[in-house]
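Subject: Structure for you to look at

Hello,

Here is the structure I said I would pass on. Please open it and keep it in view while you read the notes below.

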Amino acid sequence: MTGRVIDGVRLAATIREDVAARAAALAKKGIKPGLAVILVGQDPASQVYVRNKVAACEKAGLHSVLEQYPADMTQDALLSRIETLNVDPHIHGILVQLPLPKHIDSHRVIETIAAQKDVDGFHISNAGLLMTGTPLFRPCTPYGVMKMLESEQVVLRGAVAVIVGASNIVGKPMAMLLQAAGATVTICNSKTRDLAWHTRHADIVVVATGKPGMVTGDMIKPGAIVIDVGINRSADGKLCGDVDYASVKEVAGAITPVPGGVGPMTIAMLLVNTLEAAERAQLPSTSR
Ligand code: NDP
């Protein structure tokens with residue numbers, strides 16, 4: 001069996017077109033959804049990510065500002081900048097690119113972003129809303145994965161889903177979304193005994209560990225859907241995922257490639273979250 005390739009580039013383009021149409025409708029009312037992206041330091045990968053996010057905003061007709069600060073920016077200065085953006089009526093979404101330099105407490109930074117502008121969905125209020133089944137913002141990467149599963153018409157109700165990786169930004173919210181859709185979910189981490197036992201029982205495997213090629217074909221049930229969230233750079237400089245694509249593709253029913261899979265979806269869902277933040281900001285405060 002050779003798995004179908006789930007094309008994140010194409011699906012993301014469709015979603016971005018929809019965002020552009022909705023943004024154009026808002027523009028007729030004099031509203032332009034605005035995203036502020038803050039980057040502290042010179043991390044090369046982060047620089048690429050923020051540039052891609054800002055470019056995608058502009059293409060979809062959203063307003064975006066990229067604020068770049070030196071690595072020695074103080075935490076107080078960053079918090080104060082966020083507080084200003086929190087009350088800026090032209091900014092509906094605020095994203096602080098992670099990781100932050102070590103002297104800055106990223107939890108404190110995330111908690112300072114107003115929950116209704118937290119388009120990454122990392123604020124503790126948004127994590128709580130997601131956990132209790134009434135999400136305001138779904139974190140962009142797991143949200144993008146859900147859209148991919150939906151586009152493939154994967155039946156989630158009753159499905160066995162295994163998530164490899166338990167971070168706050170990918171693994172845990174992914175589990176919440178799959179669980180809410182009716183899947184039976186296991187979250188594995190670096191201490192999991194016999195990871196392959198878990199993955200071999202799964203109808204859906206989502207991998208987000210940052211460990212290149214760690215999930216191999218022999219760990220996958222024939223026909224399973226495999227979603228590779230990982231973005232790593234191999235020794236020869238090429239992008240690769242956390243899944244060993246060649247061996248897994250031979251066994252899986254469908255698989256996401258890296259690049260061209262989850263990455264573009266993450267950006268598309270950021271646009272959706274920013275647009276929806278702007279739409280919500282127009283509602284009377286009682287109905288938000
Ligand atoms: P983190 O480092 O925050 O978390 C990694 C998780 O993987 C941890 O829970 C860790 O376990 C677990 N893990 C590590 N090794 C193993 C192992 N051998 N077996 C099982 N679990 C393991 O990473 P992120 O979630 O932030 O990112 C993961 C990957 O996804 C990275 O490659 C990142 O670049 C990529 N990414 C891609 C995005 C996209 O848009 N496509 C967006 C965000 C991230 P433990 O908890 O025990 O430490």
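This is a predicted model: local features need pLDDT of at least 70, side-chain atom pairs count only at pLDDT 80 or more; totals for chains, interfaces and linings use all residues.

Residues are numbered from 1 along each chain as its sequence is written, and side-chain values use heavy atoms, with hydrogens and water left out.

**Cavity**

Rolling a probe the size of a water molecule over the atoms shows where empty space is left. On a 1 Å grid over the protein atoms alone, a cavity is a set of points where a 1.4 Å probe fits but cannot get out, and lining residues have an atom within 4 Å of a point. Grid points are joined across faces, edges and corners, and the volume is the space filled by probe spheres set on the points. The structure has one cavity of 30 Å³ or more. The largest cavity holds about 50 Å³ of space. Its lining is made up of Ile94, Leu95, Val96, Leu98, Ile110, Ile113, Asp118, Asp120 and Phe122. Seven of these residues are nonpolar, none is polar and two are charged (Ala, Val, Leu, Ile, Met, Phe, Trp, Tyr, Cys and Pro count as nonpolar, Asp, Glu, Lys and Arg as charged, and the others, Gly among them, as polar). Strand S4, residues 93-96, gives the most to this lining, with three residues. Helices (H or I, at least four residues) and strands (E, at least two) are DSSP runs, numbered from the N terminus.

**Cysteines**

A disulfide is a covalent bond between the sulfur atoms of two cysteines. Here it is counted as a pair of cysteine sulfur atoms within 2.5 Å. The structure holds zero disulfides.

**Two buried residues**

Glu67 sits in strand S3, residues 63-69, and is buried at 12% relative accessibility. Its side chain makes a polar contact of 2.7 Å with that of Arg81 (a pair of N or O atoms within 3.5 Å; within protein, one must be able to donate a hydrogen and the other to accept it, and residues adjacent in sequence count only if both atoms are side-chain atoms).

Ala56 belongs to helix H2, residues 44-59, and is buried at 9% relative accessibility. Ala56 and Pro264 are 208 residues apart in sequence, yet 9.8 Å apart in space, C-alpha to C-alpha.

**Backbone**

Leu98, one of the residues lining the largest cavity, is joined to Pro99 by a cis peptide bond with omega of about 5 degrees. A cis peptide bond also joins Val258 and Pro259, with omega of about 0 degrees.

Gln153 has a phi near 55 degrees, a positive value in a residue other than glycine. Gln153 lies in the loop between helix H6 (140-151) and strand S5 (160-164) and is exposed, at 69% relative accessibility.

Regards

Definitions and conventions. On a 1 Å grid over the protein atoms alone, a cavity is a set of points where a 1.4 Å probe fits but cannot get out, and a pocket is an open set with protein on both sides within 12 Å along at least five of seven lines; lining residues have an atom within 4 Å of a point. Buried means under 20% relative accessible area, exposed over 50%, partly exposed in between (1.4 Å probe, protein chains only).
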